[in-house]
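Thanks for asking me to take a look at this one. My notes are below, as numbered points you can check against the viewer.

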Amino acid sequence: MPRVVVDVMPKPEILDPQGKAVLGALPRLGFQGVTDVRQGKRFELEFAGEITDAVLAEVHQMAETLLSNPVIENFTVHVEQPVEAQS
Amino acid sequence: MKVGVVTFPGSLDDVDAQRAVRIGGNEAVPLWHGDHDLNGVDAVVLPGGFSYGDYLRCGAISRFSPVMTEVIDAAKRGMPVLGICNGFQILCESHLLPGALIRNDHRKFVCRDQRLRIENNRTPWTSSYAADAEITIVLKNGEGGFVADDRTLDMLEGEGRVVARYLEVNPNGSLRDIAGISNERGNVVGLMPHPEHAVEDLTGAGTQGLGFFTGLVEASFA
């Protein structure tokens, strides 16, 4: 079943305290070289039928209305095809 | 006046808000998030807490509760609405107020007695304060950092819509020390600190929050 994924990220100009906390933890654990961390949210939406343009348009509406707050966040929408299990 | 206080699943300060409304000389009317009408109230308080568990974003789910449809309609017609803390977050998510509240810049929950300046005493909620009155009330939040773009901040300042500003300490990283704002008309006010916890000598930070609940009695809503 195909899945629609909505990724929501804080806008670049908005302070991201959670990302900052993660950034601070990395060197303490011995991970070097990371200069910035931004933390966002990922929504995986499952649909019973085919993912048509109309469905994608509706997902955009969902993202604008509920999944993100356009004042502080940006979002992207993409479709993920299922990966067949390898034997 | 009849002042409705909305209880959402996860509201914490609804009972204190009702009590503050009564001590302020008004009748408190409990409202439930699933209500489809406002039971004839003249004003509404959206209290603090963690409505719907703060899932998704603070206030994001509450904004779509049945009672909020009524509150938003009434606010647009001019009914006084006060959102405290989580209520402020709900008002921003409802787009009744501009900007948003994000996690405190220092990442810790903050709980303190906070000094404020009431910079706009022309709203129905602040009319009993003197111009530029300085008060101390309780502040407690994890996601109280007020943010908006520069254009919006300039507009709020230019139109006198910064209702309250933090003094001495900026407790949460709010831009320009903003603690509370109003909509253009002035009937909708959002405030991060908690005046309802400062209405009696017995507990809390004194009684300087009471003014938020006495102004309604005196105000005439033209």
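**Notes on the two-chain model**

1. Start with the sheet in chain A: its three strands make an open, antiparallel sheet, ordered β2-β1-β3. Going from one strand to the next, the twist averages 20 degrees. Bear in mind as you read on that this is a predicted model.

2. Now the β1–β2 pairing. In chain A, strand β1 (residues 3–10) runs antiparallel to β2(A), and six bridges join the two. As a reminder, strands in a sheet pair through backbone hydrogen bonds, in either a parallel or an antiparallel way.

3. Next, the contact between the chains: nine residues come from chain A and 12 residues from chain B. Which element of chain A gives the most to the side that touches chain B? That's helix α1 (residues 17–28) of chain A, with three residues. Sorted by class, the chain A side of the contact has seven nonpolar and two polar residues, and no charged ones.

4. Last, a look at chain B. Its helix α1 (residues 14–23) has several buried residues: B:D14, B:D16, B:A17, B:Q18, B:A20 and B:V21. Note that two Asp residues, B:D14 and B:D16, are on that buried list. Just past α1(B) comes B:G25, with a positive phi of about 95 degrees.

Notes
Residues are numbered from 1 along each chain as its sequence is written. Chains are lettered from A and ligands numbered from 1 in the order in which they are written. This is a predicted model: local features need pLDDT of at least 70, side-chain atom pairs count only at pLDDT 80 or more; totals for chains, interfaces and linings use all residues. Two strands pair if DSSP finds at least two bridges between them. Helices (H or I, at least four residues) and strands (E, at least two) are DSSP runs, numbered from the N terminus. Axes are lines fitted to C-alpha atoms, for helices over the stretch in contact, and angles run from 0 to 180 degrees between N-to-C directions. Two residues are in contact if their C-beta atoms, placed from the backbone, lie within 7 Å. Ala, Val, Leu, Ile, Met, Phe, Trp, Tyr, Cys and Pro count as nonpolar, Asp, Glu, Lys and Arg as charged, and the others, Gly among them, as polar. A residue is buried if 20 or more other C-beta atoms lie within 10 Å of its own, exposed if 12 or fewer, and partly exposed in between; C-beta atoms are placed from the backbone.
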